[in-house]
Amino acid sequence: MSNIDFLNISCTSIDEAREKTTALLEQRQPNYSLAQGLYNDPALFRVDMEEIFQKEWLFVGMSSEIPKKGDYFTVEIGQNPVLILRDGEGKISAFHNTCRHRGSRLCSKERGKVANLVCPYHQWTYDLKGNLLFAGSETNQGFDMKQHGLKRAHCKTAGGFIFVCLAESAPVSDFDDFLLTLEEYMEPYDVENTKLAVESNMYERANWKLVIENNRECYHCAGSHPELLNSLLEWDDINDPRAPQSFLDYYNKHAAQWDEQGIPHRHRSFGLRNRIVRMPLKEGAKVMTIDGGTGSGKLLGRFTSYFQGSMRILHLPNSWNHMQSDHFIVFRVLPISAQETMVTTKWFVHKDAVEGVDYDPQRLREVWDATNDQDRVLGEENQRGINSMGYRPGPYSESHEFGVINFIDWYSDIVLKNLHP
């Protein structure tokens, strides 16, 4: 069988899918989009799920979503339901949301509050640390309840961000260094004293990598995002090869003001996976609202001025974020299938801000509702074109799409590394 024939066959087993993924990634042309199957083949999608979403650290939510004992939220990572829970000591943990009796989901709601976790099927009961307390008829039969506590997932928090890893052993990398920096850069926001104001869940008929690729460039912004560009400057950061001197001077002016206030802002990168940088918004814009005016009447944390720009936080494979003076916005991407993705957007304000007085949820979400929907259309049209028998990988612009190149390089490297440790 020729090499080309091998790459074009459909996979009938996970081992064949791994072989094909390896071949496609090893033979890909640098700075070009990926082979068709990596965007639409269900078998190759399974490799993505097993080698990335079941092995790497994923962003799931913010600590202020579960501020008190017994508060929880749930998330679906492929076919893995996960429960994020705060216990009586204030610690946040992640558990596989499956009962140790016959596997039923324990919590079916998106969020809630519990004294104990009670399975709705047969009422097996667990405490907030996952220990089994009651097992029905098994309790009196010499049954060892200590061996049947909930199965944990790895969980780490920093700066209010919650990350989970489903692997038996969490990967060793520079992730902890990123978390230390995230803690430092998020300190001014005092996330524990914020609250979830509003959220949206957008279903997109596109492969998850197309969603991330679209986010990693603003090449398309001028033609697609008028609402966003009312406040956002399109340059990625001060290292953007397109950035003119006038922008660098504008950044330096704001950077001097941030330094005076003790607000972290300098670009910090951790490989191609994680990045934090604070960038100014357009002249006169306070935050990312439709007119650049305030989003909430209460500033976050220790900010004393609205002009804090947007602190952009990237975490591959599934999150980008915009942190601002009076509210912040977090984005979470979770694959559903080879050509389906769920994009969740959440807006947070000061916990004492009053809806209808200090902030209007519709005003907060106006810009990103429009932008998300515009990106959804772009992603879905991208997917339809890629599905064509006429599709061939095309070149990325090294000046306008360097962020996409970085993502595809990271994706290729991490999948190959996990396939062939």
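Mentor: Before we start: helices (H or I, at least four residues) and strands (E, at least two) are DSSP runs, numbered from the N terminus. The model is predicted.

Trainee: Understood. Where is Asn31, then?

Mentor: Asn31 sits in the loop between α2 (14–26) and α3 (37–40).

Trainee: And what is its phi?

Mentor: Asn31 has a positive phi of about 65°, although it is not a glycine. Most residues other than glycine have a negative phi.

Trainee: What about Asp190, and which loop holds it?

Mentor: Asp190 is in the loop between α5 (175–186) and β11 (194–204). Asp190 also has a positive phi, about 50°, without being a glycine. Its relative accessible area is 34%, so Asp190 is partly exposed.

Trainee: Changing topic: what kind of peptide bond joins Leu316 and Pro317?

Mentor: Leu316 and Pro317 are joined by a cis peptide bond, with omega about 20°. Most peptide bonds are trans. Pro317 lies in the loop between β14 (310–315) and β15 (319–323).

Trainee: Which residues does Trp208 touch?

Mentor: Leaving out residues up to four places away in sequence, Trp208 touches Pro317, and its other contacts include Phe45, Asp48, Ile52, Phe407 and Tyr411.

Trainee: Which members of the largest nonpolar core touch the most others?

Mentor: Of its 70 residues, those are Ile77, Ile84, Trp208 and Tyr411. Helix α10 supplies the largest share of this core, 10 residues. A second, separate core of 37 residues includes Tyr185, Ala255, Ile263 and Phe348.

Trainee: How do α4 and α10 cross?

Mentor: The axes of α4 (residues 42–53) and α10 (residues 402–419) come within 9 Å and cross at roughly 80°, which means that α4 is roughly perpendicular to α10.

Trainee: Which residues meet there?

Mentor: From α4, Val47, Asp48, Glu51 and Ile52 meet Trp410, Tyr411, Ile414, Val415, Asn418 and Leu419 of α10. The residues of this contact divide into seven nonpolar, one polar and two charged.

Trainee: Last one: is Ser93 buried or exposed?

Mentor: Ser93, in strand β4 (residues 92–96), is buried, since its relative accessible area is 3% and buried means under 20%.

Trainee: What does its side chain make a polar contact with?

Mentor: The side chain of Ser93 makes that polar contact with the side chain of Arg152, at 3.1 Å. Beyond four places in sequence, Ser93 touches Leu83, Ile84, Leu85, Arg152 and Cys155.

Note on methods:
Residues numbered from 1 in each chain as written. Heavy atoms only, no water. Axes fitted to C-alpha atoms, helices over the stretch in contact; angles between N-to-C directions. Parallel < 35°, antiparallel > 145°, perpendicular 65-115°, else oblique. Contact = heavy atoms within 4.5 Å. Nonpolar A, V, L, I, M, F, W, Y, C, P; charged D, E, K, R; others polar. Core = buried A, V, L, I, M, F, W, Y, C linked by side-chain atoms within 4.5 Å. Buried < 20%, exposed > 50% of the residue type's maximum accessible area, 1.4 Å probe, protein only. Polar contact = N/O pair within 3.5 Å; in protein donor to acceptor, adjacent residues only side chain to side chain.
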